[in-house]
Each structure stands twice: as structure tokens, then as C-alpha cells.
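Hello,

Here is the structure we talked about handing over. My notes follow below it.

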Amino acid sequence: MSEDAILTLTNVESAYGPIRAIRGVSLRVRPGEIATVLGSNGAGKSTILKTISGILDPRKGTVVFHGEDITAQDPAHIVQRGLSHVPEGREVFPLLSVRDNLMMGAYTRRDRDEVARDLELVFGYFPILKERNHQDAGLLSGGQQQMLAISRAIMAAPQLILLDEPSLGLSPLLTHEIFQIVVRINRERGTTLLLVEQNANMALNVADYGYVLENGRIVMEDTCERLREKEDIREFYLGMKEVGARGERRWKKKKTWR
Amino acid sequence: MSNLWDLRHLQPRHDIVVPGDTVHEMFWNAVQARGEKTFMREKVLGIWRAWSWNRTADAVREMTMGLVALGFESGECASILSNTVVDWVLSDLAIMSGGGVSNGIYPTDAASQVLYLCEDSATRVLFVEDEEQLDKALEVRARLPLLRKIVVFDMEGLSHFADPMVLSLSRLQALGRAYDAEHPGEFERRRTSRGPDDLAILIYTSGTTGRPKGAMHSHRGLVYVTRGYNTLIAQVEGDERMCFLPLCHVAERLGGEFFAIYTGAILNFVENPDTVPENVREIAPTAFTAVPRVWEKFYSAVTIAVAEAGRAQQLLYRWALGVGQRVADRVLAEQPVPAALKLEFTLARWLALNNVRKLIGIHRARLLVTGAAPISPDLVRWYLALGVPMLEVWGQTESGGASTGMLASRIKPGSIGPACAFNEVKVDGATSELLIRGPNVFMGYLNQPEKTAETIDAEGWLHTGDVGAVDEDGYFRITDRMRDIIITAGGKNITPSEIENELKFSPYITDAVVIGDKRAYLTVLIMIDQENVEKYAQDNDVPFSNYASLTRARQVLDLIQGEVDRTNKKFARVEQIKSFRLIETQLTAEDEELTPTMKLKRSLVQKKYAPLIESMYR
């Protein structure tokens, strides 16, 4: 099942104390694609990413990355294996300069030439970071911090980036811009991406394959092209609904996930 | 709390508890007799609130006069499109009190079905539950020239909506109050405008084949059968009942609403179809009628809970259930239960069985009644082992619900009991079809005299379509629906429901349809129990994402194969299931494959899944 996947989750269950956040999630990410997990608040999206990157140890199930079982491994080891996590809320080091933040991303790497090349690469993606090179990261705007967090992840030279709600708190224009660059990173660097988003419209437009998560369980998976046409996705995630005979409708249809 | 060896509290009652020759007169007389006592209970903002008989009467009178104010004439039809809620009962009583004909429409029906039912019944006023149901009515009203008004129970989300045809229930009541004040004596005139022989209600049969047919019941028939229920096992004033099955269905309409009006049992309405288990635990009904699907659900919840429990608890449960079974075996064999065994059972109840009863919410239940679909005898035995008498009844829409019923004095699982005292039941000599005759048999199908003639023969026997047999004690057994009987290519007659019931006894199988008519061997289409199979997959590290992938997982198929194998052991060689397929779509009540009581519609399923079925014969 997993021969062509770069990342495979099998029956992963994670909990915060007595509260089970994800209840048996199985998903696969193929190399070179952008995969997305859609879901509402509290569906367990971020928990999936935390479980993959080793921040949270699952109660059950396995995470296999590049054929290696990385379940509940030390996050530092996982980063070295080529998997970077851009956390929700960006989490830049506010008192370090932009440059130092980026170098923190490259902390585990030895080849200085390559690090220097990657630094130029991210400055190419986000010229504003070059301008603010020496400024404290805490002084950047939200959008710039998001750019920095993504760049910091790239500095670890990952094959797979976990991207947790890059649109959080950003203006539509900035969101659009960041997503464009996310696609560029994927196309140009060949980096595989697993994107978690509440902004379903955006995510379904940039991603190739999508999973829908509800209450800690996957209820639907398909190519994004097909997901966009599903009735439940259109109604519950894209906000398109038939208004009916009255021209307005408050009641919700039952989700059937077909 | 009951013990199986002493069921003296389940007695018939033959006198008339509340007089009245029409359903609504029965209600008005009950109001006189019971006044401030509680009739119904519903949960409002999380708190159970009571409806006394007086309060109910006030609301019904206002609504009746409201209908009159809207120009609703005696003999006209009004329909109710709603889930099972208090307002449903109020509307039903108001329609009948106004001299009208009351018809229920399933809230899961699509707009097109609402159109057909309103058209066929010539509905003049349509009661709808809320915004969601209103939208269906609005979608089709242009094609319903007879429809005058739509009354909405719950106006949430509609405060800005204005339409000359639509009014709220409270508006209807206000209209009625004003009209009543201006027209003294009109209410009494309307109330008595219809006699016992007039048409009272329509119950559309869910119709596994063809269009739904509107079964017509007169007041006389309904009152007769409602009184008749008490001659089977009496319900008493203050008995607590759950009201949760669709009120459009004969089981809840007669066995729930009308029977409660007659006997004074309290109707407790569930919040919505999803909260049934919680609400049952809160109320702990003393008399509980449900369909096999509900009993299966409770059973599998307990089975799963036991599987999750510790080793000691599992052993305790098994021992306690074993004791219960020994008690049940003796009671069923009509042997006395020895004192030592009684003592052992008391201990078993105290240590385990009482908790199981509490987990379900049947710890106060005097009796459980099952009907409306065949049930596995093993499931009945399980409830008996808990010490709760479960009695099966059999009947149909056309006979006003129960026509045979198990006697508490002599329980035979697998049988549907002898004929109720109020009607005749016999097995047709030639076809083995069960026939019913009595005043409870319906008046016929609305607008379909030819169908009526096919159903009631010249001697007044109702042809039920069920095939069965009767034993020397007069106890009937159903083998199957007549048209469902399978004749294999080898010429063997097979009754699929027995096999299906055995399969459904598994906590992992919700419903099954056995196939094999004119085929070389039997196969089965299975609908899995999502919750329990998901749990199984989770516990056994079976990867799955959505429902379809769950039904395709190797281990799940193996699990179901195990259940099929277990079933096969109980049947003869010609009755062996050779192959099965799982239905990959998660079906809901809105889907055409399911009846409103969540049973698979055999003929429709066979047509719809024809390629899947064919794949088992290749």
C-alpha cells in the first residue's frame, strides 16, 4: 500500500489526556504532490501534523516516512530525516533576527555552501525577508512572520513540509500571495506538502489530493478536483447552497459524505 | 422491577377505561377524567416539561377552532409533516376534533413524495415542523391547488418570512381563540360532526413496491383496536412510555398515542432521533414498545461494552447472564423456578444484570413490546435472561397494529403469540397466508378500490401477505413475507427472513437481504453497523479512511465472513450463504433504499444493486 507514498499514516489515534483528538486516521501523501486535510475547528487537523512531526506521541497506529517507521520518534530526528513542520501561529523566535531565525532552520545541516544557496532561494521567494534581514522577527507583520516560518522550514532542506494553517489571521490578498509561493515551492523545489487548512476554497485550489476530517475521523478523500464537485463539500466547506423556494435557508442538510 | 417467574403484574383489562366512540371523544373524555395529571412530557432547553391533560385540551381546542377559522370543513383532510413531537399529537387531535381526516407524512420524505401524498389525500391544511419541512411544502405547493394553508410548529429562522399561505402554530391558536369567543357552541358542533363510521385517519404504507397506498381507518375501528390492546396486557395510568417512533407509523400512532390517550400512560417525547438512548435512560420507561432495530442496537451496545470491560467483569456478566438464561429456560418450559435459583438470580441481578438494565434504561420496565418487523428469537431470549419480559406482537397497518400478541403467561420466543381476543386470525389452507378478520380491519385504500379488493376478500378476511403456521396451542409463527419467499433454481423453498434475522443478531450487521430466487445458491447483501465495525477496525489496526474503504478492508470482510459462517452453521445445506457483499454507501433515512423504520427495502435493493448481486453469481 505504501510503496509509492512518501508518508503513510495507518490508524493513528492521538489524545490530549482523556480527550481523543484523532480517532484512527489513515492517509497517504505521494511524493511531489500537495495534499490537504480539511476540517472545521477542533476536527483534529493540527493534531495530525503534531503526531507526524513527533511533537505528540500517538496512542496507536504508525507513521511511516520514506519507508522508515518514525512513530513517536524524537522531533529533532524527524527533521533530520527531511520532514519540517510549519506550526500553526507561526512560532518564530521573536527576539532573534530574521537571519538567525532562518539559520535556526538550518541548524542540523553541515554543508555551508548549500545552506547559503538555500538562503538565497528563500530570499528569492520572499524578498521582504532579505530587506528585514537584521530586524528582530518579533517586529515583523503577521504575513511576514508566516513567510519567515515557511522559509525557516525550507532551510532544513526538507522533502516534506507540514504546513499548518498558513492563512490564519492573514488578509485575503496576503493569503493568496503566500499560497502562490507555496505552489512555487512545490513545483520548483519538488517539495511535497501536507497542508492543513480551514480556508477550504484556497486549499482545494492549490492541492492535488484532499482528505476531509470530521471529529477526528476521515470521512472523505479524493482528488481536489473531484472534491470541489461533491455536494457536501460545496455546502459545508465552500458555502455554496441552493436557497430553495424561500430565497434563504437556515437549516442544514445532513452530511452524507458521498 | 420485574422477575420473569412472576408476571402477575401483566394482566389484561376488559372493561372500558375511558368511553368515547371516536378517537377525539375518547380524548375529551380522558381530559374530563384526568384533568391536571400529566399526559405528555417533552424536553425544552434541556429540562423535561410536562403537558397536563388540561393544558393539552386548551391547545387542542384553540387549534381546532383555528382550523375552523381557516375554513377547514368537516370531512376534509389535513396532513402533518413532522418528526415525533408534542405538536404532532396536538395537531392530530385538533384535526379529528374539527371533524377532519388526519394524515401523517414522514419527515424524511422528499418534496416529490410530499407532493404525491398531499395530492392523493386531498390535503387542505398542511402542518409542518420547521423551516426544513416548510421548504418542501413551498417547493411543491404550486401543484397543490387544494392546499389552503401551511401551519408551522417551530418558527425559528422564519421571523422575517411572510407569506399569505403560511402561518405559525401560535397564530393559528390565536385565530382559534378569537373565533371560539365569537362563535359559542361551534366547537361542540364540530366535535360531534363526525360519527364512529366516518374516516378518521390515513396511514400510508411505506410500500416496498409501487406507490404508497393510503390505508383508511374509521373511528370505530381505531377505538375498537385501542380498547383491544388493553385486553392483551393492560397499560395503567402513570405508566411511562417513550414516544419516538414515527407517528405516521401505525405502531406509534395507535400503540403509542391512542393507547396512551385511552389508558392514561405518559408519553415522553425524545429530543430527536439521535438522542433515543440518552432519553430512554433519563425516563426509564415502565412500558416500552420498539422495533427490532432498536432492541438490536441496545444489545450491541451492551455486547461492545462487555467486550471492553475487564476480565473479571466479563466473567461476571457471562455468569449472571447464564443464571438469567437458566431462569428463562425454566419459565419458558413452564417449570417452577427453584428457590435456590431465584436466590442466585437475585445475586446475579445485584452484581451485573441490574447494571445492564440501567445501561439500556429498562430497569423500571414492566414489559417490553416488540413488533413491526421480525425479531431474532435469540435476541428475545437475551432480554428474558435479563429478567425483563419481552413480548412480540404482530399485525400491520391494515389491521390497526397488533393482531396477535404473546401472552405473558406463556412466552414462546420465535412465535408471534395467539390471536388477540378482539380479532380472528387463521392460516389460509391453500397458501399458508395469515388472514385477519375483525372490526379492526381497515376500510380500504384511498382511491384504490382494486387494491382494496385484492386485500380484503368477500368474507371480510384481510390478506396480510405474511406466510406462517399455527401450533396446537394456537400460537402463530411467521415464516416470511409471501412475496419474499425464495425458490432456488433447485426448487427449494427458502424463507430469507429467518437467515436475515440470524445475521442481524451480530453486532456488526445492521441489516441483510438474502438473495437466491431462481438461482443456484444463496447470497446476501449486508449493511454493516458503522459504529461497531469502525470500533472493530480501530481495535484491530485495520486502516480505513471513509465508509467505503471500511467496507472494502480485508479484515472487515473477514469479520463479516465469520458472522456469515456462524449463521450458516444454524441452517440446512440448501440454506447456506455462499457469498456476500457489503453495501458501500452509508445509507440514511432519506435514502430510498431504507424504509422510515430503517429497514432495507428488499425489492428496491435487489434492483439497485443488481450488478453487485450478479458479481456473486459469476
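**Contact between the chains**

The contact takes in 21 residues of chain A and 26 residues of chain B. Please keep in mind that this is a predicted model. Between them, chain A and chain B bury about 2100 Å², and 43% of that area is on carbon and sulfur atoms.

One salt bridge is counted between the two chains. Its partners are R217(A) and E534(B), whose closest N and O atoms are 2.6 Å apart. Polar contacts across the interface of chain A and chain B come to seven residue pairs, both residues being at pLDDT 80 or more.

On the side of chain A that touches chain B, three strands each supply at least two residues: β1 (7-16), β2 (19-29) and β10 (217-223). The largest share comes from β10(A), with five residues. By class, this side of chain A has 11 charged, five polar and five nonpolar residues.

**Salt bridges**

Over all chains, the count is 56 salt bridges. Some of those in chain B are described here.

E186(B) and R189(B) form a salt bridge through their side chains, at 3.2 Å from N to O. Both residues are in helix α7 (residues 186-191) of chain B, and because they are three residues apart there, about one helical turn separates them. E186(B) has a relative accessibility of 15%, so it counts as buried; the cut-off for buried is under 20%.

R410(B) and D473(B) make another salt bridge, with 3.9 Å between the closest N and O atoms. This pair links distant parts of the chain, 63 residues apart: R410(B) is in the loop between β15 and β16 of chain B, and D473(B) is in the loop between β19 (462-470) and β20 (476-481). R410(B) counts as partly exposed at 22% relative accessibility, and D473(B) is also partly exposed, at 41%.

In the salt bridge of R552(B) with E584(B), the closest N and O atoms are 2.8 Å apart. R552(B) lies in helix α18 (residues 547-552) of chain B, while E584(B) lies in the loop between β25 (577-582) and α20 (602-608), so the pair ties together parts of the chain that are 32 residues apart in sequence. At 51% relative accessibility R552(B) counts as exposed, whereas E584(B), at 35%, counts as partly exposed.

There is also a network in which salt bridges share partners. It joins D378(B), R381(B), E502(B), E563(B), R566(B) and K570(B).

**S415(B)**

Where in chain B does S415(B) sit? Its place is in the loop between β15 (401-405) and β16 (424-427).

Is S415(B) buried or exposed? With a relative accessible area of 5%, S415(B) is buried.

What does S415(B) touch, leaving out residues up to four places away in sequence? The residues are E392(B), M406(B), Y475(B), F476(B) and R477(B). For F476(B), the backbone oxygen lies 2.9 Å from a polar atom of the S415(B) side chain.

Regards

Conventions
Residues are numbered from 1 along each chain as its sequence is written. Chains are lettered from A and ligands numbered from 1 in the order in which they are written. This is a predicted model: local features need pLDDT of at least 70, side-chain atom pairs count only at pLDDT 80 or more; totals for chains, interfaces and linings use all residues. Side-chain values use heavy atoms; hydrogens and water are left out. Helices (H or I, at least four residues) and strands (E, at least two) are DSSP runs, numbered from the N terminus. Buried means under 20% relative accessible area, exposed over 50%, partly exposed in between (1.4 Å probe, protein chains only). A polar contact is a pair of N or O atoms within 3.5 Å; within protein, one must be able to donate a hydrogen and the other to accept it, and residues adjacent in sequence count only if both atoms are side-chain atoms. Contact means heavy atoms within 4.5 Å. Buried area is the accessible area (1.4 Å probe) that two parts lose on being put together, summed over both. A salt bridge is a side-chain nitrogen of Lys or Arg within 4 Å of a carboxyl oxygen of Asp or Glu. Ala, Val, Leu, Ile, Met, Phe, Trp, Tyr, Cys and Pro count as nonpolar, Asp, Glu, Lys and Arg as charged, and the others, Gly among them, as polar.
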